[in-house]
Amino acid sequence: MPVVLGAIADDFTGATDLANTLVREGMRTVQLIGVASGDAPADADAVVVALKSRTIPAPAAVDQSLAALAFLRQAGARQILFKYCSTFDSTDRGNIGPVADALLAALDAEFTIFCPAFPENGRTIYHGYLFVGDVLLSESSMQDHPLTPMRDANLVRVLGRQTPHKVGLVPLAAVLRGPDAVRADFMRLSRGGYRHAVVDAVRDVDLRTIGAAAADLRLVTGGSGIALGLPENFRRAGLIERAQRADLLPSVRGDAAVISGSCSAATLAQAAAMRAVHPTFDVNPLALAAGEPIVAHALEWAESRLGGTPVLITASAPPDQVRAVQERLGRERAGSLIEAALAAIARGLVGLGVRRLVVAGGETAGAVVQALGITGLRIGSQIDPGVPWTVSLGEPTIALALKSGNFGREDFFVRAFTCLD
Ligand code: ADP
């Protein structure tokens, strides 16, 4: 069966989060990295194109999103989902409004919805106001975000500043009455000349109601929560298998390693737990900066240890050590130096036969995926909430678990590989 749902995500980890949700809701899903080209992936009900368009200039975000759209339509997608952050990260210049307007125009569609609610993570919308936990978005830490400070919690107003079109609201009262009432509100707004509607949602069941009501919309926009209700529409229409295991991955044999470049509290605990039972190599940032051949040392060290149990190669360090390194090297230089070294080590490990790789750290994972030349990932079952095993498209086939900072329980590194067998 061809691809039925095409998604465009404005950042990498958001794309994985969405893909993970779609798999859990029964859709076989592939995540592509960057503007896609070539043939549509085989055996996928949904394709998520991961862009890095959240904070780039709006015209560039529009261009990339339209290129992704063209690919997805060619792959067969009947519905397009534009995925952004559940805190609606944007400025008055965009990019959510301009991208949505451009996608609507390209799809020749007249109406779409905006619903970043993600109740599981405390993001709820009521009367159009976005809450983060129990405070308004504008009172949350997002008010001080370095790139997209969110100082207004009213999404109707926020979006209204990003688009020339009228922005309406579907209130919770309609959502509580069910899909028919929500659909009636879509019609009412559309007839009234509204092109956009923010939709209230405070619970997962509300997102399922909204998903059912959105079955006929060419374009849907929201956070990953909005994906909860969409797969059932395709199942009901007979466009995807009803009882399929969407999370099955091809089996991948080969040596196993963990590469850790995250210094978050969760990762430090996970690295300590792995160090207690598995061979561990520490990447020393100052030695790296001094020009010592750390990458070669790490690979030499790994070569004699691979084949048995998984190995850990880590730069992760507690805050005082990170601060000391940053004071010596500068924050940016330290970060990029370590990312580049870990990425080169990952490439070397694959050369040595590693085919099962866990990478900790969002930026670190981005660097590793790029160094390995990976263009797409098939998404499998999750190890811990939000972190699925994936398998790369193309050759060689590598099983990858990409874990950003604070995700995963303490035994994540040790347990991850047992989930693959
Ligand atoms: P997270 O998902 O936890 O934010 P990232 O990989 O996105 O992890 O970011 C961590 C950053 O810290 C990377 O740029 C990495 O290179 C850098 N880093 C890793 N180890 C150290 C260290 N010991 N000292 C300084 N910076 C480090």
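This is a predicted model: local features need pLDDT of at least 70, side-chain atom pairs count only at pLDDT 80 or more; totals for chains, interfaces and linings use all residues.

Student: Which polar backbone atom is 3.0 Å from an oxygen atom of the ligand?

Tutor: That one belongs to G335.

Student: And what does S262 put 2.7 Å from an oxygen atom of the ligand, side chain or backbone?

Tutor: Side chain: a polar side-chain atom of S262 is at that 2.7 Å distance from a ligand oxygen.

Student: How much of the ligand's accessible area does the protein cover?

Tutor: On its own the ligand has 580 Å² of accessible area, and the protein covers 82% of that.

Student: Which pocket is the ligand's space?

Tutor: The second largest pocket is the space that the ligand takes.

Student: Which elements give two or more residues to the shell around the ligand?

Tutor: Three helices do: α12 (319–329), α13 (331–351) and α14 (362–371).

Student: Which residues come nearest to the ligand?

Tutor: There are 18 residues around the ligand, and those that come nearest are S262, E339, E363, T364 and G405. E363 is also the residue with the backbone atom at 2.7 Å.

Student: How do the shell residues divide into nonpolar, polar and charged?

Tutor: The shell has 9 polar residues, 7 nonpolar and 2 charged.

Student: New topic: the sheet with β7. What is the strand order?

Tutor: The order is β6-β7-β8, an open sheet of 3 strands with antiparallel pairing. β6 (123–126) and β8 (135–136) are the edge strands, each pairing on one side only.

Student: Over how many bridges do β7 and β8 pair?

Tutor: Over 2 bridges; β7 spans residues 129–132. As for side-by-side positions, F131 stands opposite L136 in β8.

Student: What about the phi of F88, positive or negative?

Tutor: Positive: phi of F88 is near 55 degrees, and F88 is not a glycine. F88 lies in the loop between β4 and α3, where N95 also lies.

Student: Why flag these at all?

Tutor: Because most peptide bonds are trans, and most residues other than glycine have a negative phi.

Conventions: Residues are numbered from 1 along each chain as its sequence is written. Side-chain values use heavy atoms; hydrogens and water are left out. A residue is near a molecule or strand if one of its heavy atoms lies within 4 Å of it. A polar contact is a pair of N or O atoms within 3.5 Å; within protein, one must be able to donate a hydrogen and the other to accept it, and residues adjacent in sequence count only if both atoms are side-chain atoms. Accessible areas come from the Shrake-Rupley method with a 1.4 Å probe; for residues, only the protein chains shown count as cover. On a 1 Å grid over the protein atoms alone, a cavity is a set of points where a 1.4 Å probe fits but cannot get out, and a pocket is an open set with protein on both sides within 12 Å along at least five of seven lines; lining residues have an atom within 4 Å of a point. A molecule sits in a cavity or pocket if more than half of its atoms lie within 2 Å of its grid points. Helices (H or I, at least four residues) and strands (E, at least two) are DSSP runs, numbered from the N terminus. Ala, Val, Leu, Ile, Met, Phe, Trp, Tyr, Cys and Pro count as nonpolar, Asp, Glu, Lys and Arg as charged, and the others, Gly among them, as polar. Two strands pair if DSSP finds at least two bridges between them.
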